[in-house]
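Trainee: I have a new structure open, and I would like to learn how to read it. Could you walk me through it step by step?

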Amino acid sequence: MIHFNEVTKSFQEDFWKKPKIVLDRLSFSLEEGTITGFLGANGAGKTTSIKALLGFISIDSGSINYSEALGASFKEVRSKIGYFPESPYFYPYLTGMEFCQYLGALQGISKNDIEINIKKWGEALNISYALHKKVRSYSKGMLQRLGFLSALIHSPSLIILDEPLSGLDPIGRKEFKDVLQLLNKEGRTVFFSSHIVSDVEEICENLVVIKEGKHFYSGKTSTLLEESKKSEFSAVVSDSYKSAISKIDLIKTVENQSNGMIRIRFSNNHHGEFMKWVQDQKVSLIELKSENPTLEEVIYDSSSR
Amino acid sequence: MSMNVLLIAKQSFKEIYQSKVLMNILFLGVLLLLLTFVVSEFSYGVAEKVTLDIGLGLISLSGVAISLFLGSRLIVNEVENRTLYMVLVRPVARYEFLLGKVIGLAAIVFLNLIALFSLLLVLYFALGGSWDNMIGWTLFFVYMESLLVLVMSLFFSLFSNPIISIMVTLTMFIAGHGVETVKETHLYQKDDLLRGFVDFYTQWLPNFDKLNLKNYVLYNKFLPNDWFLVASGYSFTWVFVFIVFAIVLFNKKELT
């Protein structure tokens, strides 16, 4: 649906300083109908990428291509995109309803369609009750909900959200994630940036990870996790077995736990031998698990390498 | 004009209206009433003329001040508050956004001028003044002067910041009003450098003195009909030039 091809962008911070490269030959693709998380630490270049994608800033080199399904001209492409910026600000003297109607009118859709979408997404985002209040009286969470609603006012086929979950309480985060999944079920493409990996892991089937403006990973979330499996088991047993365990060759590490227990780690290949030893010694096994890193561990451990 | 421009203009008008900038009408209205009272006490026989003089001066000042201060922040505020992202991500061209904002502010300036002018006319007639078409033309050129200041401060704000924009516009406004007076001085005749500068200024930069009709109204001076045509064309051309420059700049502006 969207293809970043070797995109480079630099900013001149000061006249006498060298330009700072923010996006460095960044390439990735966004597949139609998917829900894709855009991950990277603060300052990695996520917002810059989104602004380049939407035409707010120019790029130094490379290209950003949009599929024909989005439209032939850039104006047509924009009419099919719903965008929600990071920390949005709204005209405080308007009511939420007036704000949505204004943006809907700019989108060129009928009043009836605007009303239908306000009703549908206002209820899903739990903001309908406040739409007749002035925006200046809204809390941060309410502003986030209004911003999300305004991005959906014209039933866009591509929804781009920049840190949509920041500033929301757990209930709000859950509601937003539900709406993102609902949008995806309706066949819309969702692309959202976050630096909180757990949010992305929970709902995104695809991932784009960038580090210091460079491409780090793009593809299925499950593939990244599969590739990152440590092929290791860990077991927790009483520390009375410590001396016996130290004699077994297959054990990689032994760690003392706080509650009179020890955690031992061994390779997947030695699983059978370990279980035989447990049975022979009549060891009471407290815990046995396959050591799989979380997405957060995979991304930030790998990013720091 | 596209529907988008009108929608943005309406929004811009509403935004400025809600910011209570039109409270200035009330303030200047009261000031005008007070000054008229004082003037009628001291200016025997020509109270209506002095009232008209002060009134037109105040109206001109308020139009220029609103245009200058709000024009310099018209787009900058939208960038700083990130409200323009919500608009420009839609099928709205940047020039439509800019024109909409300008028209919205121009409407506010117009409303401000009309309200103060109406009050001034009431006072003027109450003091025995009579209608002269030149009064209407003066208001028209006061409005054109404000519009020119508006688009100038907007243009300069797009590549600097509001404070620099205000300073540059104000300097050009004062210089533009003063160049014709400088031409009448002895120094202008003697100093080649000054003459070169003033001649360059009058030829290539906005000469606000060409839009100043106040003295003609007050002293009943005669102006040929084509003067109005030339002055209107002159002011429209400058407004157009600055709007085009502003659109070109805004189209290239990085909205970081």
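Predicted model: local features only at pLDDT ≥ 70, side-chain atom pairs only at ≥ 80, totals over all residues.

Trainee: Which strands does β12(A) join, and in what sense do β11(A) and β12(A) run?

Mentor: To read a pairing, look at the bridges and then at the directions of the strands. Strand β11 (residues 251-256) of chain A and strand β12 (residues 261-267) of chain A are antiparallel, joined by five bridges. On to another partner: strand β10 (residues 232-238) of chain A also pairs with β12(A) in the antiparallel sense, over seven bridges.

Trainee: How many residues lie between β11(A) and β12(A)?

Mentor: Four residues separate them, and the two strands form a hairpin. Look in the turn for A:Gly260, whose phi is positive, about 75°.

Trainee: What is the order of the strands in this sheet?

Mentor: The order is β11-β12-β10-β13 in chain A, an open sheet of four strands with antiparallel pairing. At the edges are β11 and β13 (285-290) of chain A, each pairing on one side only. From one strand to the next, the twist averages 20°.

Trainee: Which helix packs on that sheet?

Mentor: Helix α10 (residues 271-281) of chain A does, and it touches β10, β11, β12 and β13 of chain A. Its direction makes about 175° with that of β13(A).

Trainee: Now the other sheet. How many strands has the one with mixed pairing?

Mentor: Six strands, in an open sheet ordered β5-β6-β7-β3-β8-β9 in chain A. Its edge strands are β5 (81-84) and β9 (214-220) of chain A, each with pairing on one side only. Here the twist averages 15° from strand to strand.

Trainee: In what sense do β6 and β7 of chain A pair, parallel or antiparallel?

Mentor: Strand β6 (residues 158-162) and strand β7 (residues 189-194) of chain A pair in the parallel sense, over five bridges. As a landmark, find A:Asp162, which stands opposite A:Ser193 in β7(A). Then look for α5(A), which lies across β5 and β6 of chain A and runs at about 165° to β5(A).

Trainee: What about salt bridges? How many are there over all chains?

Mentor: A search of the whole structure finds 21. Take one example: the side chains of A:Asp199 and A:Arg173 meet at 2.5 Å, N to O.

Trainee: Where do chain A and chain B meet, and how many residues are in contact?

Mentor: For an interface, start with the residues, then ask about area. Here 33 residues of chain A are in contact with 24 residues of chain B. The buried area is about 2800 Å², and carbon and sulfur atoms give 60% of it. A:Phe56, A:Tyr93 and A:Leu106 supply 26% of what chain A buries against chain B, more than any other three residues.

Trainee: Which polar features cross the interface of chain A and chain B?

Mentor: There are 13 residue pairs in polar contact. The count of salt bridges between the two chains is one, and B:Glu254 and A:Lys9 form a salt bridge through their side chains at 2.4 Å, N to O. On the side of chain A that touches chain B, β1 (2-11), α2 (74-79), α3 (96-107) and α5 (140-151) each supply at least two residues. The largest share, seven residues, comes from α3(A). By type, that side divides into 19 nonpolar, eight polar and six charged residues.

How values were computed. Residues numbered from 1 in each chain as written. Chains lettered and ligands numbered in written order. Heavy atoms only, no water. Contact = heavy atoms within 4.5 Å. Buried area = accessible area lost by both parts, 1.4 Å probe. Salt bridge = Lys/Arg side-chain N within 4 Å of Asp/Glu carboxyl O. Polar contact = N/O pair within 3.5 Å; in protein donor to acceptor, adjacent residues only side chain to side chain. Nonpolar A, V, L, I, M, F, W, Y, C, P; charged D, E, K, R; others polar. Pairing = 2+ DSSP bridges. Axes fitted to C-alpha atoms, helices over the stretch in contact; angles between N-to-C directions.
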